[in-house]
Amino acid sequence: MIPLAIPDLSGNEARYLQECVESNFVSSVGPFVDRFEDMVGDAVGAAAAVAVSSGTTGLHAALNAVGVGPGDLVILPAYTFIASANAISHCGAKPWLFDIDPDSWTLDVNLLKESLEAETELQDGRLIHRASRQRVAAIMPVYAFGLPADMNPIIETAKAFSLPVVADAAAAAGATYKGRAVGDLGADLSVFSFNGNKTVTAGGGGAIAGHDQALLDRIRHLTTTARVGPDYTHDQVGFNYRMTNLQAAVGCAQMERFDGLVAAKRRIRENYDTRLARIPGLAAFPAPPWAESACWISGAICDTEQLAASARKVLIAAGFDAKLFWKPMHLQPPYADAPATAQTHSNEIWKRILPLPNSTSLTQDEQDLIIDALVASAG
Ligand SMILES: *Cc1c(COP(=O)(O)O)cnc(C)c1O
C-alpha cells in the first residue's frame with residue numbers, strides 16, 4: 001500500500017534523538033526547542049515563533065491570546081480539518097461557518113465582507129452577530145492543503161471591523177502569497193502543525209508565529225502553565241502545551257531539509273497537474289494567481305462525485321491510499337447547529353476532491369503507477 005503522506009526521517013533525526021537521551025534533555029526545556037523556534041520563525045518569515053505540542057493546541061492558545069472566550073463566534077471556512085473548529089470550541093466559543101471560494105477552496109473574501117456588513121452590528125464597542133446575539137471575536141482563515149487564503153482583502157476587512165486574525169496555516173509552511181512568506185501575511189498569529197502527516201514533522205507538534213513580541217511572550221507564558229517566578233505561583237489559567245526537546249530534535253532535523261521537502265511536494269504537484277490534465281473528468285487542484293502553495297496534499301478534483309468514488313475504488317484496489325478528505329464542518333455532528341452561511345461550494349466540492357499519495361519520498365516510478373491506474377480507470 002502506498003500511503004497518502006508519510007515522513008522522511010533520513011536526515012539527522014536519529015542522531016538528534018540520541019543526543020536528547022545522552023544529555024537527559026527529553027522534556028519541554030532543551031536546546032532543540034529553542035533552535036526549532038528560530039528555524040520555524042525564519043522559514044515562515046515571522047519575527048518569532050513559539051513551539052507547542054500540536055497544531056490544535058497552538059490554535060487554541062492563539063485564539064485565547066487574542067481574546068476569544070466563552071460565548072464568542074469565530075469566523076471559519078467550513079471546509080477545513082475539524083481541529084480548526086475544535087480549537088474554537090475549546091475557548092468556549094463557536095465557529096461562524098463561511099463558504100469557500102471555489103477557485104481556491106479557502107475563505108470567500110467577498111462573502112466575508114458582505115456578511116459582516118449585513119449580519120453584524122456594533123453594540124457598546126462589541127461586534128455583535130445579529131441572529132445569535134453573540135460577539136464576533138476573530139477571523140480564522142485556513143490555508144487549505146497549504147494554499148494561503150487571499151489575505152490582503154481578509155486583513156483589510158478584519159481591520160475595518162477591528163477583528164484579530166489567527167491563520168490556520170497548519171500545512172502551509174513554505175507557501176508564499178504575492179511573494180511574501182506565509183508567516184508574514186498580516187495575520188496577528190499564524191499557527192503551524194508538525195504532525196506526522198505534514199510536510200515537516202516533529203512526530204507531533206505545532207508553532208505559533210507572529211511579529212508582536214509582547215503577544216508571543218504572553219503565549220509562551222500561557223502555554224507553560226502561566227507560572228511566575230520560581231515558586232508555584234500562576235497568574236492565570238494556563239496550559240501545558242509545550243513542545244518537548246524530543247519532538248524538537250526531530251523537528252530540527254526536518255527543518256534542516258525544509259527547502260528540499262517543500263520542493264519535493266511541489267515537484268509531485270507539478271507531475272500530477274501536467275499528467276492528470278489529460279484524463280477526462282479530472283482537473284488540477286486550485287492554483288490562484290495570488291499564492292504559491294506549499295502543496296502539502298496534491299491530487300485532482302473530479303467532475304462528479306461518482307467519478308471520484310470510482311477513482312477511489314480503482315486506486316485502493318491497485319494498492320494506493322485514496323480517501324475521502326475533509327468533511328465540511330456544518331456536516332459534522334458537533335457543529336451542525338453552528339451559525340453558517342449558505343454552503344454552496346463546500347457542499348458541491350468536498351466529495352469530488354481526490355487526494356493522491358504525495359509523501360516527499362514518493363518516487364517518480366510510484367507516481368507513474370498511480371497516474372497509470374487513473375488513466376486506466378478513466379478509459
Ligand atoms: C493538520 C491540521 C491541523 C491540526 O494540526 P495537529 O498538529 O494535528 O493538531 C489543523 N488545521 C489544519 C488545516 C490541518 O491541516
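This is a predicted model: local features need pLDDT of at least 70, side-chain atom pairs count only at pLDDT 80 or more; totals for chains, interfaces and linings use all residues.
Two strands count as paired if DSSP finds at least two bridges between them. Helices (H or I, at least four residues) and strands (E, at least two) are DSSP runs, numbered from the N terminus.

Residues are numbered from 1 along each chain as its sequence is written, and side-chain values use heavy atoms, with hydrogens and water left out.

**The sheet around β14**

- Strands β14, β16 and β17 form an open sheet of 3 strands in the order β14-β16-β17, and the pairing is antiparallel.
- The edges are β14 (282-284) and β17 (353-356); each has a single partner strand, so one side of each is left without a neighbour in the sheet.
- On average, neighbouring strands of this sheet are turned by 35 degrees against each other, direction ignored.
- Between β14 and strand β16 (residues 298-302), which run antiparallel, there are 3 bridges.
- Helix α10 (residues 305-317) lies across β14, β16 and β17, and runs at about 25 degrees to β17. Such angles run from 0 to 180 degrees between N-to-C directions, with axes being lines fitted to C-alpha atoms, for helices over the stretch in contact.

- In strand β11 (residues 206-210), 5 of its 5 residues are buried; buried means under 20% relative accessible area, exposed means over 50%, and partly exposed lies in between (1.4 Å probe, protein chains only).
- In a regular strand the side chains alternate between the two faces of the sheet.
- Here, Gly 206, Ile 208 and Gly 210 point one way from β11, while Ala 207 and Ala 209 point the other way.
- Strand β1 (residues 48-52) is joined to β11 by 5 bridges, and the two run antiparallel; Ala 51 stands opposite Ala 207.
- Strand β10 (residues 189-193) also pairs with β11 in the antiparallel sense, over 5 bridges, and Phe 192 stands opposite Ala 207.

**Aromatic rings**

- The whole structure holds 14 aromatic pairs. Rings of Phe, Tyr and Trp (its six-membered ring) pair if their centres lie within 6.5 Å; planes under 30 degrees apart count as stacked, over 60 as edge-to-face and the rest as tilted.
- Phe 145 and Phe 285 have ring centres 5.2 Å apart and planes at 70 degrees, so this pair is edge-to-face.
- That pair links distant parts of the chain, 140 residues apart: Phe 145 is in the loop between β6 (134-139) and α6 (151-160), and Phe 285 in the loop between β14 and β15 (291-292). Both residues are buried.
- Trp 296 and Trp 326 make a tilted pair, 6.4 Å centre to centre with 35 degrees between the planes.
- Trp 296 is in the loop between β15 and β16, and Trp 326 in the loop between α10 and α11 (344-349), 30 residues apart. Trp 296 and Trp 326 are both buried.
- One aromatic cluster is formed by Tyr 79, Trp 105, Phe 145, Phe 285, Trp 296, Phe 325 and Trp 326.

**Charges over rings**

- A charge sits over a ring if NZ of Lys or CZ of Arg is within 6 Å of the ring centre and within 35 degrees of the ring normal.
- Lys 198 lies over the face of Trp 296, at 4.4 Å from the ring centre.
- Arg 227 has its charged end over the ring of Tyr 232, 4.1 Å from the centre.

**Helix α1**

- Glu 13, Tyr 16 and Cys 20 are the buried residues of helix α1 (residues 13-23).
- They cover an arc of only 75 degrees around the axis, which puts them on the same side of α1; the arc is that of the directions from the helix axis to the C-beta atoms.
- Exposed on the other side of α1 are Ala 14, Val 21 and Glu 22.
- The buried residues of α1 pack against α2 (31-44) and α8 (245-255), where contact means heavy atoms within 4.5 Å.

- Thr 223 lies in helix α7 (residues 213-223) and is buried, with a relative accessible area of 0%.
- Not counting residues up to four places away in sequence, Thr 223 touches residues including Val 50, Val 52 and Phe 239.
- Thr 56, in helix α3 (residues 55-65), is partly exposed at 28% relative accessibility.
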